[in-house]
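I'm opening a notebook on a structure that is new to me. I'll jot down what I look up, one topic at a time.

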Amino acid sequence: MEISSRSSETCPCSSSRSVRSLLCKVYCHIFSQKGERSPQLVISEQDLVDALDQGGCDLEMVRNIIQGRELPADLRSQVWKIALNVAGKGDSLASWDGCLDLPQQELIHNRCQQLIDQMEMPKEEGVSMIVDLEAVITFYCKSRNVTFAPELCWPDLFKALLGLQLLPSDLYNCFYAIMNKYVPRDCVQKGRPFHLFRLLLQYHEPELCSFLDTKKVTPDSYAISWVSSLFSSHCSPAVTQAMWDVYLQQADPFLIFFLILAHQTQPLFLYVIEMLQDSPVYLEAEDIEDLFSLAQYYSNKTPLSFRKENQSLFGSSLVALKEEDMDLSQVLCLPVSVPELLQASQLQTEGVRFFVVDCRPAEQYNAGHLSTAFHLDSDLMLQNPSEFALSVKSLLEAQKQSLESGSVASGEHLCFMGSGREEEDMYMNMVLAHFLQKNKEYVSIAKGGFMALQQHLADVNVDGLDSGYVHWIISTSGTQGNLSPVADAANGEDGKGMKSLVNKMTFALKSKSVNVKEKVISFIENTSAPVDRISFTLPWPDKGILDRHVSSSDRVGKPYRGVKPVFSIGDEEEYDTDEIDSSSVSDDDRREVVNIQTWISKPDVKYHVSCNEVKETGHMFPSHLLATATHMYCLREIASRKGFAYIQSRQALTSVVKITSKKKHPELITFKFSSNNTEGVEVQATERYLIPNAGEATKAIKQQIMKVLDALENS
């Protein structure tokens with residue numbers, strides 16, 4: 001494949017790392033290991049023939065002989081059947097009556113004709129294949145209750161299979177095995193596989209991911225056919241067969257995600273945005289080895305949770321997704337399981353290692369935290385931005401020093417840990433968004449937070465506190481280096497066991513300035529009330545004062561002129577767990593573009609303030625909050641069009657039922673909207689804004705609400 005070189009100015013997402021240099025790095029990583037094969041290894045075809053002739057040959061034996069290389073054409077069908085575990089399998093078509101009577105039968109026949117025409121077969125051979133192909137597709141649709149449609153991509157899988165000259169029974173068995181094991185479920189617009197791939201792209205190539213996001217190019221807009229057909233829809237049969245030779249040997253269903261990722265790093269992909277979907281057509285057989293080497297490189301740099309947490313993507317299409325599977329479209333970054341975090345800290349050199357960042361408040365961190373975790377108080381992002389910036393700088397310096405010193409807490413990959421409570425982790429999400437917006441690679445989040453860590457350790461700690469698992473969680477006091485005796489006892493005689501990150505980072509930063517060191521220590525070990533116990537048991541320790549959310553039933557004063565209060569203004573300690581994020585506005589409203597100054601200058605605008613809209617994910621968007629005589633508007637600025645904005649939200653003032661703020665962050669204002677009905681007040685939408693002069697804003701909006709209520713009463 002010939003790839004033209006262009007300057008980095010051609011594309012915003014170009015980076016200094018070229019495909020060639022990255023491949024060199026990959027080869028150094030793969031082939032420098034002792035005992036591994038060299039790139040020049042040639043398959044001994046006779047060894048493969050002998051193994052197949054002897055019978056009893058399995059996939060492991062085939063792998064040892066082929067070692068990831070392209071197969072000889074005359075042996076491909078035998079090896080593929082072994083790799084797909086269908087060698088010697090019975091005839092699934094035998095029980096079928098052979099009736100071609102589906103409502104979509106004409107569509108199926110035309111699609112079969114189209115596939116055969118694309119393969120440019122001799123006419124007589126093509127006619128015979130059309131008959132077999134139509135029978136296989138019809139039987140599959142009937143047996144799996146699939147409605148055939150012209151836009152389906154999986155029929156392209158037959159392009160590679162038809163060239164093997166298989167019997168109809170073997171053709172069906174191979175096709176079914178590929179569909180069942182290698183084609184992910186839910187390959188549709190906004191389907192789960194494409195949300196998962198975007199998280200993977202963001203993890204490894206954040207700059208490219210950000211570029212595509214700004215262009216509103218989502219993975220499902222170009223990769224549905226790639227995933228559904230394992231690249232066969234756009235690659236020639238010869239290239240597809242060469243690709244599948246390696247793919248089936250790997251026997252890894254998740255490899256498709258890494259192949260797409262490897263393909264996306266090629267400059268051609270970056271420059272021709274409008275031709276993304278057809279870009280695999282430029283692949284040639286000689287590109288396959290490099291493509292898989294790069295895919296394997298990405299795979300080795302990816303947390304194992306990527307596979308373990310998404311096993312339900314593969315398998316029978318009749319099996320539904322588990323209810324507990326998270327909505328990946330709402331996930332801020334790649335989630336990592338707590339067991340993997342613990343296992344990774346025991347690794348020496350191989351595998352993914354994590355630098356854990358605990359973003360909980362200082363009192364929770366001091367009560368108990370992972371012994372290798374760095375503390376970054378997420379509240380500082382709003383309370384003291386300059387202090388937060390310095391702490392982030394210290395965090396990155398600590399990560400660098402820990403890697404250089406070989407600390408047990410070191411890791412190239414950042415994993416952020418919150419409390420595990422959605423309402424408490426909003427500030428951690430803002431910190432995460434900060435790192436993602438800086439295009440920091442290898443950023444992940446601990447799934448379930450510290451609560452999941454406690455639960456996991458409680459589950460495995462069946463023998464009580466004397467178990468070896470205790471040392472994972474330690475408590476800290478207000479003085480430097482005062483650690484739990486249990487944590488100290490867990491250290492090995494050689495001093496290389498589990499130690500608190502306080503000591504690790506203090507040692508690593510001795511050569512740095514005193515100021516930087518003090519900042520790191522202050523965030524790792526906060527000088528709040530000392531806690532001299534291990535925070536290990538579930539549930540969490542009770543707080544001295546229970547947090548209480550302002551309720552619509554609270555009496556906040558006398559009713560306004562006999563009218564039942566429709567909103568309240570008060571301090572907010574916790575967000576309701578069932579509140580709805582963002583406003584319930586139509587898609588047309590969201591797409592409406594307006595001139596900001598024109599809207600601000602409208603005569604009916606009673607109040608205006610510049611602010612930031614805050615989403616639950618932590619993302620903040622520069623916005624403008626406007627109040628008219630009857631409505632409240634949010635205009636979100638368009639980064640690419642200065643002076644213009646989208647109408648992000650339009651809410652009637654009479655629908656405001658609650659305006660609350662955080663005691664710690666009075667500038668963060670939450671508006672809750674509803675409509676009164678006979679059954680009472682039900683919150684239908686929630687919006688949050690970071691307003692510099694929040695008191696003035698809430699007062700102005702309150703006055704407008706009162707005027708509206710007054711007018712309604714007198715009407």
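Predicted model: local features only at pLDDT ≥ 70, side-chain atom pairs only at ≥ 80, totals over all residues.

Entry 1: The largest cavity holds about 60 Å³ of space. Ten residues line it, and the closest to its centre are Leu 341, Ser 345, Phe 354, Val 356 and Thr 372. I also checked which elements give two or more residues to that lining, and they are α17 (338-344) and β2.

**Entry 2: the whole chain.** First, some overall numbers. I find 28 helices and 16 strands in the protein chain. The protein chain has 715 residues, and 52% of them count as buried. It exposes about 33,700 Å², with carbon and sulfur atoms supplying 50% of that area. I then took the contacts with a separation of 6 or more, and residues 24 or more positions apart account for 70% of them.

**Entry 3: a sheet.** Next I traced the sheet that β2 belongs to. Five strands make up this open sheet, in the order β1-β6-β5-β2-β4, and the pairing is parallel. Which strands stand at the edges? They are β1 (334-336) and β4 (374-375); each has a single partner strand, so one side of each has no neighbour in the sheet. I also looked at what lies across the sheet strands. Helix α9 (residues 192-204) lies across β1, β2, β5 and β6 (443-446), and it runs at about 85° to β1.

**Entry 4: strand β2.** Now the strand from the cavity lining. β2 covers residues 354-358 and is joined by five bridges to β5 (residues 413-417), the two running parallel. Going through the pairs, I see Phe 354 opposite His 413 in β5, and Val 356 has Cys 415 as its bridge partner there. Phe 354 and Val 356 are also among the residues closest to the centre of the largest cavity. Two bridges join β2 to β4, again parallel, and here Asp 358 stands opposite His 375.

Is β2 buried or exposed? Five of its five residues are buried, so the rest of the structure largely encloses it.

**Entry 5: helix α4.** The buried ones are Arg 76, Ser 77, Val 79, Trp 80, Lys 81, Ile 82 and Ala 83. What do they pack against? I find α2 (45-54), α3 (59-66), α7 (158-162), α8 and α12 (237-250).

**Entry 6: positive phi.** Just after α4 I ran into Asn 85, which takes a positive phi of about 60°. Most residues other than glycine have a negative phi. I looked up two others. Asn 145 has a phi near 55° and sits in the loop between α6 (123-144) and α7. With a relative accessible area of 68%, Asn 145 is exposed. Asp 186 is not a glycine either, yet its phi is positive at about 65°. Its place is the loop between α8 and α9, and at 34% relative accessibility Asp 186 counts as partly exposed.

Entry 7: Last, Asn 180, which belongs to helix α8 (residues 168-181). At 27% relative accessibility, Asn 180 is partly exposed. How far apart are the C-alpha atoms of Asn 180 and Gly 315? They are separated by 4.8 Å, with the two residues 135 residues apart along the chain.

Key. Residues numbered from 1 in each chain as written. Heavy atoms only, no water. Pairing = 2+ DSSP bridges. Helix = DSSP H or I, 4+ residues; strand = E, 2+ residues; numbered from the N terminus. Contact = heavy atoms within 4.5 Å. Axes fitted to C-alpha atoms, helices over the stretch in contact; angles between N-to-C directions. Buried < 20%, exposed > 50% of the residue type's maximum accessible area, 1.4 Å probe, protein only. Areas by Shrake-Rupley, 256 points an atom, 1.4 Å probe, with all protein chains shown as cover. 1 Å grid on protein atoms, 1.4 Å probe; cavity = no way out; pocket = protein on both sides within 12 Å on 5 of 7 lines; lining within 4 Å. Points joined across faces, edges and corners; volume = space filled by probe spheres on them.
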